[in-house]
Amino acid sequence: ISLYAAHSSGVILRGYDFDKLSTSEDGRVDIKIEEVEEGIVEVRNRDNLLSIVGVNQNEEFKATNGPKILVEASYINPLKVIEGVSRKKLPTDRFYANSSKGSEPDIGFGMKHLKKSFCENGKCSYTQSSIDIGKEPESRVVTVDFKKINSIIGEEIPRSEIANILLLLGFSMSKIGDDLYAVNIPPYRHDISNIYDIAEEVLRIYGIDNIKSSPLKFVEKNRINDVYLEFRQKEALLNRAVGVGFFNAITYAFANKELLLKYKLDVVDEDIDIINPIVKELSTLRTTILLNLVEAASRNIKYGKKRVALVEIGTIFGTKREEKEVVSFLFSGEEQRASVRNRAKAKMVELSSFIEKIGGVIGDFELKSFTPTNSFFHPYMSAKVIKDNKEVGVVAKLHPKVAKDFDLDDTFLAEFNLADILPKEKKAKELSNYQPVTKDLSVVIDKDLNFYDIAKALKEFQESEPLLRDFYPLDIYSDEKLGDKKSLTIRFILQSDSKTLSDSEIEAVISSILKMLEERFGAKLR
């Protein structure tokens, strides 16, 4: 009878043989219930352990055929009892499956059902009392969007029908929006915790056979954003760098402050610098990645490498600790390894070849010479990098004294502000179907005149002359006969979008260029 009552009511019911229990002088049984630790609640009769609530029962005191039975009806939080049993490795009985899945919290309902069964099957008399350990089970609330329930099920079920199904299942609801409801979960429904569980309940009653079949459809959200695009641009830049022979390096965001000061490089202001550095060699935030790359190259050379080419994208810090992301390059030693092709005499890297490699990574740029204020760069082989009419970084040869400090051969460096060299969106324009024309112009100019100044003037001229498509220096020559002058040969590319250029049109453009050079720089045709 007790097993049937437990099964039909959902309440955990255990019976004890009254005659085996210790009683007081007035014939009462002393019961002590104590939660010894979370999830472990013991039921004791003086020194005898009768049961652990929801877990097991002492076989010695289990009810058999005695005339008097002590009945225990209990409820315990299923999550806590599972954790307790797992933690203590406790033995369990047949009721543990019910208590761990979630039994009926209304234990009075189970007791009434049991008493009714006893009295219907014979004479009985009874008395009862209750003891509560802990709090009453709290009702749980799940916020439900009826539109989302329909999207989960895949069928447009009317709101009134969904609400009716939930009410008939014992759920209560209160409206908090147009299609939004707060659904109160019955205490005995431990299996309901989110909207998907509620959708399953609705589908169970509505009937899966009433759902129309439809093909499975996946709709992927567009995840392309600025962060993703920047990541792909960085990845593409590093891939291009690897393609021309560089190896991707990762160094610490710290640097040796003594070396920064020694080579007159920028350092973070003392009052905002690191208070407690990890080690002496990493005593400050780096203001350039180039010093870190030089140290890395030195270690590689000491390990027997003849050629070190490194690239790194990372963050550097200004004197006020402001952050900036840069990409830095280093090339030291042999440009190519010794082989049969070069008769085992590898050519050392030169500034021109290094600049060519950098161009293969960041695209076209111009150089403007400058005299560095630090002692890290070579005073006569340093240049500012100009891209899209903006100064974006620096390229230089490592100062010979610094190279000697680190046991390096000729070493070339470059560092760029990353945001300025990442490719910008450009509008495509139609290519001309007509043959381009190449023309060389040799002029004599002052020996101290930089090509950068001439290139700047030619770009201004190009804005007003659509036939001039490109130009670049071809040769620079000087000797005693030219004195304080030098000869500069420039190659020009001329092309029209609408026709093949005639000789007179070509000569007119070249003459205009020569006239401009004569007026601005005193150039003479050689």
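This short talk covers a helix pair, a sheet and some salt bridges in the structure above. Keep in mind that this is a predicted model.

Let's start with two helices. Helix α6 covers residues 159–168, and helix α7 covers residues 195–206. Their axes lie 10 Å apart. The packing angle is about 95 degrees. Angles of 65 to 115 degrees count as roughly perpendicular, so α6 is roughly perpendicular to α7.

Which residues meet there? From α6 come Glu161, Ile162, Ile165 and Leu166. From α7 come Ile198, Glu201, Val202, Ile205 and Tyr206. By class, that contact of α6 with α7 has seven nonpolar residues, two charged ones and no polar ones.

Strand β17 spans residues 390–398, and strand β18 spans residues 411–417. These two pair in the antiparallel sense, over five bridges. Take Lys397 as an example: its bridge partner in β18 is Phe412.

On to charges. Side chains of opposite charge can pair when their charged atoms come close. How many salt bridges does a search of the whole structure find? The count is 29. Here are a few.

First on my list, Asp405 and Lys262. Their side chains meet at 3.5 Å, N to O. This pair links distant parts of the chain, 143 residues apart. Asp405 is in helix α12, and Lys262 is in helix α9.

Next, Arg520 and Glu460. Here the N to O distance is 3.0 Å. Arg520 belongs to helix α15 and Glu460 to helix α14, 60 residues apart. Again, both ends are partly exposed: Arg520 at 48%, Glu460 at 41%.

Then there is Glu34, which forms a salt bridge with Lys32. Their closest N and O atoms are 3.9 Å apart. Glu34 is partly exposed, with a relative accessible area of 38%.

Last, a network. Salt bridges link Glu37, Arg87 and Lys88. That's my tour.

Notes: Residues are numbered from 1 along each chain as its sequence is written. This is a predicted model: local features need pLDDT of at least 70, side-chain atom pairs count only at pLDDT 80 or more; totals for chains, interfaces and linings use all residues. Side-chain values use heavy atoms; hydrogens and water are left out. Axes are lines fitted to C-alpha atoms, for helices over the stretch in contact, and angles run from 0 to 180 degrees between N-to-C directions. Helices (H or I, at least four residues) and strands (E, at least two) are DSSP runs, numbered from the N terminus. Angles under 35 degrees count as roughly parallel, over 145 as roughly antiparallel, 65 to 115 as roughly perpendicular and the rest as oblique. Contact means heavy atoms within 4.5 Å. Ala, Val, Leu, Ile, Met, Phe, Trp, Tyr, Cys and Pro count as nonpolar, Asp, Glu, Lys and Arg as charged, and the others, Gly among them, as polar. Two strands pair if DSSP finds at least two bridges between them. A salt bridge is a side-chain nitrogen of Lys or Arg within 4 Å of a carboxyl oxygen of Asp or Glu. Buried means under 20% relative accessible area, exposed over 50%, partly exposed in between (1.4 Å probe, protein chains only).
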